[in-house]
Protein chains: 2
Amino acid sequence: MSQDERSDGDLRNTGMRLRYDREWDYELDRVAAAVSERDATSVGLQFPEGLKRSAGGVADDLRELLPTDVTVRISGQPCYGACDLDLEMMRRTEVFVHFGHSPMKESSDVIYVPLFSNVDVEPIMAEAASELEADTVGLVTTAQHTHHFDEMREFLEERGVSVRTRKGDERLTHEGQVLGCNYASADVDADEVLYVGGGKFHPVGLGMEHPDKRVVIADPINNVVTEATTEQFEKQRYAAIHSAMDAETWGIIESTKIGQRRWDLAEDLVADNDDAYLITLDEITPDRLRNLGYDAYVNTACPRVTTDDGPQFHEPLLTPQEYRIAIGEEPIDALSFDTFHGTW
Amino acid sequence: MSQDERSDGDLRNTGMRLRYDREWDYELDRVAAAVSERDATSVGLQFPEGLKRSAGGVADDLRELLPTDVTVRISGQPCYGACDLDLEMMRRTEVFVHFGHSPMKESSDVIYVPLFSNVDVEPIMAEAASELEADTVGLVTTAQHTHHFDEMREFLEERGVSVRTRKGDERLTHEGQVLGCNYASADVDADEVLYVGGGKFHPVGLGMEHPDKRVVIADPINNVVTEATTEQFEKQRYAAIHSAMDAETWGIIESTKIGQRRWDLAEDLVADNDDAYLITLDEITPDRLRNLGYDAYVNTACPRVTTDDGPQFHEPLLTPQEYRIAIGEEPIDALSFDTFHGTW
């Protein structure tokens with residue numbers, strides 16, 4: 001997320017102290033049991049960016065549970081979701097553990113350790129409940145709070161709120177769960193949605209995906225209730241589209257990451273444009289695109305790289321639909337949020 | 001290479017105009033023939049960083065030679081040598097082409113297209129010859145000038161110079177060839193070595209690897225003759241070692257890149273130190289290490305990332321030997337240049 005975006009919308013800059021510390025259960029006994037069961041001599045550990053600093057401590061704790069001849073490896077690759085499994089590490093280790101994200105696809109090759117927050121959600125929900133305007137609301141949350149989902153629903157129902165929920169699609173594990181790239185669980189018959197979770201990353205995406213709904217944020221981590229606004233986000237996207245309209249050459253990016261493979265889409269875009277080139281990448285960074293030197297780029301991989309990190313790039317970076325708008329195939333007011341539905 | 005390092009030693013900042021443009025023969029007929037022979041529908045192209053901007057033009061030329069149903073992919077992954085093959089792209093394409101580096105290991109899965117410079121080396125060698133002090137000199141060059149190697153040798157011999165050359169080891173393809181990580185070809189019985197090639201990246205490494213030899217640089221690209229100095233390079237390495245001496249935790253980095261795998265070395269270092277953690281990475285960048293949060297790092301992958309890019313990192317980044325110096329296992333004056341000999 002760009003600094004500007006962060007300054008404006010991110011609660012990390014409010015200076016408020018967190019009410020709760022988060023603590024996590026890494027389920028190391030389960031990992032050790034898997035090592036023993038498979039008689040493995042190598043274990044690979046992958047952590048989301050926010051927990052990478054815990055990796056050394058987790059490795060220490062795990063090594064105490066394991067025979068001394070077992071090698072513990074920590075993935076240093078960037079990791080922002082279950083779409084982002086370290087495939088090289090999976091190939092090289094007999095036991096591979098992915099911490100902190102719910103599985104997009106169950107596999108016997110991966111031990112997924114969900115990390116459920118120990119934060120009590122009720123106090124902030126009590127505050128949020130008084131901000132709700134409708135009698136019928138949708139309810140969504142992130143993976144780390146899904147173990148409290150029934151409790152959240154009951155809390156609202158006890159106060160006479162009619163709660164609408166659904167499990168999004170096959171990309172999602174839990175009822176009511178949202179991902180940065182998937183808000184299908186908010187596709188319910190309610191004009192208002194309560195999001196329970198930290199930060200503004202998810203609720204802003206939710207607001208973009210469902211512009212007709214009011215999104216109330218109950219943030220139990222930063223201890224604030226706010227409303228998601230998407231205006232700045234939209235302005236930024238229109239600016240990117242406009243600056244790409246003059247592009248003569250296009251790099252169409254397809255990702256090698258396992259859960260970000262919209263390869264057919266990328267190939268189709270290239271096939272239809274003689275001035276477009278198919279670029280294969282894992283991480284998409286400003287430096288890598290600058291070295292390639294095209295006038296503008298279309299990202300078919302993680303949409304949040306485009307929308308949240310886009311302003312950091314030296315050239316315009318568009319979603320596939322934004323590209324169609326930029327080249328005149330769709331009207332400008334057709335702009336919608338790029339999400340992955342059911343794609344693996 | 002850091003800005004400071006670049007300002008001081010790099011000819012790109014001399015403001016001198018290049019005498020010659022470099023042009024390359026991409027051998028696209030050979031690539032097209034391979035596609036036809038294998039009845040392939042996908043081709044992957046990988047370019048070194050300095051030629052990434054040519055990728056679109058090369059793809060255009062290649063597409064004209066290919067049936068329309070063949071998909072041409074361009075690797076956007078960073079690439080600094082033949083140690084750095086895009087393995088994901090190799091897995092995904094029927095014909096995979098690596099441009100600009102000589103093979104470290106021949107493989108039927110890779111079409112290596114060497115890119116030989118069209119630059120005439122004789123004028124700058126004439127200038128360099130008058131700077132030579134010894135009657136017996138070693139002669140080395142980079143892959144892109146190896147097709148002129150016999151000519152260079154004859155030029156010197158005609159002037160009464162006794163020329164000593166060798167083919168380094170199995171990591172190298174050509175007689176007299178150097179790599180950024182391998183100067184075995186300069187291991188000859190001569191106190192003076194003439195390096196013919198662009199820039200100071202290679203001759204500074206050569207000087208570090210062979211501190212007893214005088215290294216004269218004949219640079220036909222920037223059109224200057226200079227002498228390699230390693231003093232600043234050494235100072236920087238000592239500074240990194242000193243700043244790592246207080247480290248309480250260590251990240252030991254092993255690489256997944258095919259030609260940079262010193263895995264046993266990395267595992268041994270971790271096994272001997274309870275405060276060391278084994279980190280698996282492809283690209284090694286300041287941000288990735290910062291997120292991990294150890295006090296200092298040891299890089300068993302590409303040594304030039306450590307020595308040339310090290311100052312850009314937030315924490316000290318050491319070679320394996322520098323690490324042994326920092327923890328007191330070797331004396332400080334034992335410092336030598338980290339190179340790959342015969343390792344694949």
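Predicted model: local features only at pLDDT ≥ 70, side-chain atom pairs only at ≥ 80, totals over all residues.

Visitor: Which domains does the assignment give for chain A?
Guide: Domain bounds come from an automatic or database domain assignment. For chain A these are domain 1 (3-20 + 118-229), domain 2 (28-113) and domain 3 (232-334). The centres of domain 1 and domain 2 of chain A, taken over C-alpha atoms, are 29 Å apart.

Visitor: How many residues are in contact between domain 1 and domain 2 of chain A?
Guide: Contact means heavy atoms within 4.5 Å. Seven residues of domain 1 of chain A are in contact with four of domain 2 of chain A. Buried area is the accessible area (1.4 Å probe) that two parts lose on being put together, summed over both. For these two domains of chain A that is about 400 Å², 47% of it on carbon and sulfur atoms. On the domain 1 side, A:Ala143, A:Arg171 and A:Thr173 lose the most area to domain 2 of chain A, together 70% of what that side buries.

Visitor: How many salt bridges cross between domain 1 and domain 2 of chain A?
Guide: Side chains of opposite charge can pair when their charged atoms come close. The rule asks for a side-chain nitrogen of Lys or Arg within 4 Å of a carboxyl oxygen of Asp or Glu. Between domain 1 and domain 2 of chain A it finds zero salt bridges.

Visitor: What is the salt bridge count between chain A and chain B?
Guide: The count there is eight, and over all chains it comes to 40. One pair is B:Glu254 with A:Arg73, whose closest N and O atoms are 2.6 Å apart. That pair crosses from strand S10 (residues 250-255) of chain B to strand S2 of chain A. A:Glu267 forms a salt bridge with B:Arg73, at 2.8 Å between the closest N and O atoms.

Visitor: How much area do chain A and chain B bury between them?
Guide: They bury about 3400 Å², 43% of it on carbon and sulfur atoms. In this interface 41 residues of chain A are in contact with 41 residues of chain B.

Visitor: Which strand of chain B is joined to S2(A)?
Guide: Strands are DSSP runs (E, at least two residues), numbered from the N terminus, and two of them pair if DSSP finds at least two bridges between them. Three bridges join S2(A) to strand S11 (residues 276-281) of chain B, and the two run parallel. A:Ser75 has B:Thr280 as its bridge partner in S11(B).

Key:
Residues numbered from 1 in each chain as written. Chains lettered and ligands numbered in written order. Heavy atoms only, no water. Helix = DSSP H or I, 4+ residues; strand = E, 2+ residues; numbered from the N terminus.
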